[in-house]
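Trainee: I would be grateful for a close look at a single part of this structure. Please describe how that part ends, what it is made of and what it packs against.

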Amino acid sequence: MAETMRRRLDDPEAPLDARLEAAVPALLRLRCRRLLRRLRSGEAPLRGTGWLAMALGIMPQALRAALEAPGFGLAWDALEAAAPLLRRRPLRPAALPQEIARAEAMLRLYGPAISPEPPADAGCRAGMPQLAPAG
């Protein structure tokens, strides 16, 4: 936190704390983490995961490598590294009001539907809000 404050004093438009993310990508990441856990635990069927690789813009082999990683942390790291959609992007101070409004709108519109528990047959991007990108 102190490092973030120091950077902000030097450059008011420096990216915010790395843990903050835009609302729509944060939801996508949440849903994909949940699905990856379900696929690895056997709660969701592994057959036909090609659609997931395609939705994330990665090769099926990259998804397979993530699914076969020895632990969830390594699996998520592999998937995050392979899928540009899952990479964290810095959030700038100027974007914060719009992202707060977007998150509040998502909660109002989708309420409990925005949860880490998507329907059993849903992929990461299923039911994702189609909102205009920030900025």
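Mentor: In this predicted model, helix α2 is followed by Gly 42, a residue whose phi is positive, near 90°. The helix itself covers residues 23-41, and its length can be checked: at 1.5 Å a residue, its 19 residues should span 27 Å, and the end C-alpha atoms are 27 Å apart, which agrees.

Consider next which residues of α2 are buried. Among them are Ala 23, Val 24, Leu 27, Leu 28, Cys 32, Leu 35, Leu 36 and Leu 39, and the list also includes Arg 29, Arg 31, Arg 34 and Arg 38. An α-helix has 3.6 residues a turn, so residues three or four places apart point the same way. The cover over the buried residues of α2 includes α3 (50-56), α4 (60-68), α5 (72-82) and α6 (96-110).

The axes of α2 and α5 come within 11 Å and cross at roughly 130°, which makes α2 oblique to α5. Their crossing is right-handed. On the α2 side, the contact is made by Arg 29, Cys 32, Arg 33, Leu 36, Arg 37 and Arg 40, and on the α5 side by Phe 72, Ala 75, Trp 76, Leu 79 and Glu 80. By class, this contact of α2 with α5 has six nonpolar, no polar and five charged residues.

With α6, the axis of α2 makes an angle of about 50°, the two axes lying 9 Å apart; α2 and α6 are therefore oblique to each other. Here Ala 23, Val 24 and Leu 27 of α2 meet Glu 99, Arg 102, Ala 103 and Met 106 of α6. The contact of α2 with α6 has five nonpolar, no polar and two charged residues.

Conventions:
Residues are numbered from 1 along each chain as its sequence is written. This is a predicted model: local features need pLDDT of at least 70, side-chain atom pairs count only at pLDDT 80 or more; totals for chains, interfaces and linings use all residues. Side-chain values use heavy atoms; hydrogens and water are left out. Helices (H or I, at least four residues) and strands (E, at least two) are DSSP runs, numbered from the N terminus. The expected span of a helix is 1.5 Å times one less than its number of residues. Buried means under 20% relative accessible area, exposed over 50%, partly exposed in between (1.4 Å probe, protein chains only). Contact means heavy atoms within 4.5 Å. Axes are lines fitted to C-alpha atoms, for helices over the stretch in contact, and angles run from 0 to 180 degrees between N-to-C directions. Angles under 35 degrees count as roughly parallel, over 145 as roughly antiparallel, 65 to 115 as roughly perpendicular and the rest as oblique. A crossing is left-handed if the near helix is turned anticlockwise from the far one by less than a right angle, and right-handed if clockwise. Ala, Val, Leu, Ile, Met, Phe, Trp, Tyr, Cys and Pro count as nonpolar, Asp, Glu, Lys and Arg as charged, and the others, Gly among them, as polar.
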